[in-house]
Amino acid sequence: MSYERVNYDPTFKPVQGIYENRLRQFINNGGDYKDLNLPKFYDYKRISLDRNHVKVYWYQVPFEKNSSPVSPDKRPPWSEVIGNDKAGKIYWQEASINQPFGPSWSTTWFKVELHIPKDWMLNENDQLVFDWDCSNEGVVIDPNTLNPKTAFSGGDRTEYLLPKADDGKYFFYVETGNNGMFGCGEGSDINPPNDNRYFHLKKADIVLPDWEARALYIDFWMVSDAARELPGDSWQKHQARTICNKVMDIFDPKDRSSVKRCRNLLKNEYFDKYVDSADVYRHGNEDILTDVYGMGNCHIDTAWLWPFAETRRKIVRSWSSQCTLMEEYPEYQFVASQAQQFKWLLEDHPRFFKECLIPKFQQNQFFPIGGSWVENDTNMPGSEALARQFFFGQRFFLKHFGSKSTVFWLPDTFGYSSQVPQLCQLSGIDKFLTQKLSWNNINSFPHSTFNWAGLDGTQLLTHMPPGNTYTADSHFGDVLRTAKQNKTSEYYGSGLMLYGKGDGGGGPTREMLEKMRRIRSMSNRNGNVVPKLEVGKTIEEFYDDILARTDNGKDLPTWSGELYFEFHRGTYTSQANTKRLMRFSEIKIHDLEWIATKTSMLFPDQYIYPAKEINDLWENILLCQFHDVLPGSCIEIVYKHEALPMLQAVIEKCADLIIEALKVLKNNSKSQNIKPIKTLVWSDSDSAFVSSVEESAVKVTEASEYITLSNEKLKVMISKQSGSITSIIDLDTEVEYLDLKNGRNKHGANQFVIFDDKPLSWQAWDTELYSVNQYTYLNKAETVVISENSKDKASVKVIIPVEEGCKIITTISLSATLNSNKDDSFIDIHTHVDNWNARNKFLKVEFPVKVRSDFASYETQFGITRRPTHYNTSWDVAKFEVCSHKFADYSEYNKGVSIFNDSKFGFSTHGNLMRLSILRSPKAPDAHADMGSHDIRYAIYPHAGALSSTTVRLAHEFNYIHRYEVPATIYDSFDQVIKITGDSNVVLSNIKRGEDDVDINSNYAIGQHEKRSMIVRVYESLGGDSSVVLKTSLPIKKVVKVDNLENEIEVVTFTSNSKTSTAEIPINLNAFEVASYKLCV
């Protein structure tokens, strides 16, 4: 055939935009041309609910109006419902298409009977599908084993692949929860829920699919995406467009066999021959590095727009679907975090846990990961609570899976404490994954793969998926973005793509796994302009690849300090009652462990340490630290019916258990004399807490414009007009600590201010930068009166109107000081906000101080975080609201001011102004968030010199206020169980019994090693190498330094002092080091 001399049939150049836009028609399941394109052939046969071949019956679980939506009767066990059905105790009714089911949060059960028509003439390889959509969440339950088979989620997941049935008959149950994947929000997912929402049955069909046509759908989708999204200078892009148009040209809507021809064209021109198999990942050019590692996951928020009670069902729905997928896709691997969720699954569905999940774990397809109890907030949990997240998470995994996680898996939380790396390493974790920093609304975080160095220098190998999501749909664009958006490609060019429906659970789908096979096949055939995607490698293998290609991480950049999240800053303040009860719970369980440990060590034959009860309490505390619960971004029922009652119950149970321990102490003394004990010890305790008969006076005087409080150390002046503190003077040095001449606050300290609080979105989560300059001072007091004037304390009560129906009652007190510790004097303030009823307002209290420094110090877990007090850079500006624990301190060389608090976390310090955040009033997702009355206690501590251990000690004492009575004859032995001497910046924070001790029979024991032992936790609080000596009266035989899981690190030498009958354990700590010691008797 020769080149034609004359052109009789001219050819035009296709117009790229037109030919690309045309491609969407071919697989569009709507529009004008559905019956003329591929959707026409998706099914061979389909029968909708006809009450002959498809029969569906329904039963509504009783749901009384105004009853608790989370009570157990609303979600009865499967065995109960199915047992009652078999006993004929349930009245079933026939269901109809479009029938509504509800209301919100209720449960509807369905009984499904299918009978395949004989004229379908099925062959052995035909795979039938039950297609179900009730717009809500559901799960298929085998009536014989009661094991779940797969989930329905309305839209995303509607198909159940039916097993083979020789007689063509099927029978199974579907349990549905009447809520969507994202709850029941009215108008928007994150709006308050509509508690009277109903969900309609849209589909109940038995289907014989044309699997070849459905495969062509995936083929064409992926190649057409390549045509749209590959770079314009790549031949692969243009070839993809050309081939897809050829497919559309040869497709014949009147000829089903054209589907096969279309597939063959695509296979011959753009895919390799392994496109339909897991083998696709074992082929391709091995010299080309992998660009993208895919890992399945289904992030399940333990509570958010739904309650804990519904999460328990989301878990089994989501994970059963994944186990089913693993049967079909051998390459598929799935990770799931949060030990709490595994425990719930084990409690609710032990057979599924043991018969389905464990085998998939053993086959290296289902991987527990994360190492924490829940995917927790890391900003606000107290020091010990953050450590216990890992303690309980890792021990649960060790107990039930025989291995612990080496990766802290926290894709979605609102900032990352600078002590996370150290606590992770102490818990057997050296890797970290998150992606939330991609949501920053001011600065773009500069790294994808890096070393994160914490407060003490401990580091974690960290990866942030470049696709900026943990819920990728495995689209071609998801893979392309993961490959192209890597910010650290000069060091490590690969990235993780976390795919699967998430937040509300769900996880990966068949469609996602099919798409990824196509993408890898395209890469095998067309080179790495199509990113090379790997599926079937574990998370461990991914991190090992990072280490192998970066000289064990040494080539990677380092980020030091906290990973501050430039978004959701309002979560430091939202849901004040939850935060308050959380602080109180942490303190109360600290006290319980302190008293129970000492009692069990002193009287082992009379008192057994209540390990199981304490562990149960810790589990509830840690559960409520989930990253939407404690931050305050859940719907109302989570707080009203679950978190608040749960935390209140923790406090009450701790009190009961403390009483039981104290009874043992009292029973071991005949003396009626009692002495109060504290649950903290300090290395300078002798000087700090010795009583003195020389008690200084405290005075109160009143003039026309001011009321003045004074003791031997401080003079405090309070304006009778505004009620604010206008002067704080150190009487020894005559130094004034307040600055009312400069800055915007010229009113005084303890000055309340209302900020406008209308964020761009995410009301409960966000407070925005522009709100900082939109404020009103509450400076007209209704009442300023002396409310107490005794030898011990003088107080002034101030009443300030806020708006109609709301007022602030604040009491400013100054106590008499002991001569031995008058430098510890501070101004104690109790504020009661009566009937807070604002809408989108933010209440704060300000302290204008005569201090100038470029940083302020904020307590964090086991240390402090320093943050700027200026706005030099956009990174500084972003920190206009930060998280603080028991104190914030602003100091210059020779003086400073600390602000203590008993239940607050939001703070800011800029210029000369310190500001404590009190209350917010967002209206979504909880319309009643923070409405009502609140009590807050805080204090102003002016001090000489820079921040010191005195602030650390006083802030602890300000929070750990409980005193417990023991017989005077036992006081000394009780006190001498553990003491500390040495550098005062070292804090002895916690004691507990060794978890593996034989006598306590802990449910978290991994192997019983010691008869009796005590764990002692200490940390360096201010940032310097330090030395202390632990002293104990216990007859110890061995001391070992242990990690956070109580595994031995090294043996520690100690000496015995025969004169005092004590053992002395000298220890050295690095700056901000957290160290734990096991004292074995």
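The stops below cover the cavities, beginning with a count.

**Before you select.** The model is predicted. How many cavities of 30 Å³ or more are there? The count comes to eleven.

**Stop 1: the largest cavity.** Select Gly-382, Ser-383, Glu-384, Lys-886 and Tyr-960. Of the 21 residues lining the largest cavity, these five are the closest to its centre. The space there is about 240 Å³.

**Stop 2: the elements around the largest cavity.** Now colour α9 (383-401), α14 (576-602), α19 (949-959) and β46 (986-993). Each supplies at least two residues of the lining. Which of them gives the largest share? Pick α14: four lining residues come from this helix.

Stop 3: Colour the lining of the largest cavity by residue class. Eight residues are nonpolar and eight are polar. Five are charged.

**Stop 4: the second largest cavity.** Clear the selection and pick Cys-298, His-299, Ala-336, Ser-337 and Glu-375. Among the 14 residues that line the second largest cavity, these lie closest to its centre. This cavity holds about 110 Å³ of space.

**Stop 5: its main contributor and its classes.** Show strand β14 (residues 334-336). The strand provides three residues, the largest share of the lining of the second largest cavity. Then colour this lining by class: eight residues are nonpolar, five are polar and one is charged.

Notes. Residues are numbered from 1 along each chain as its sequence is written. This is a predicted model: local features need pLDDT of at least 70, side-chain atom pairs count only at pLDDT 80 or more; totals for chains, interfaces and linings use all residues. Side-chain values use heavy atoms; hydrogens and water are left out. On a 1 Å grid over the protein atoms alone, a cavity is a set of points where a 1.4 Å probe fits but cannot get out, and a pocket is an open set with protein on both sides within 12 Å along at least five of seven lines; lining residues have an atom within 4 Å of a point. Grid points are joined across faces, edges and corners, and a volume is the space filled by probe spheres set on the points. Ala, Val, Leu, Ile, Met, Phe, Trp, Tyr, Cys and Pro count as nonpolar, Asp, Glu, Lys and Arg as charged, and the others, Gly among them, as polar.
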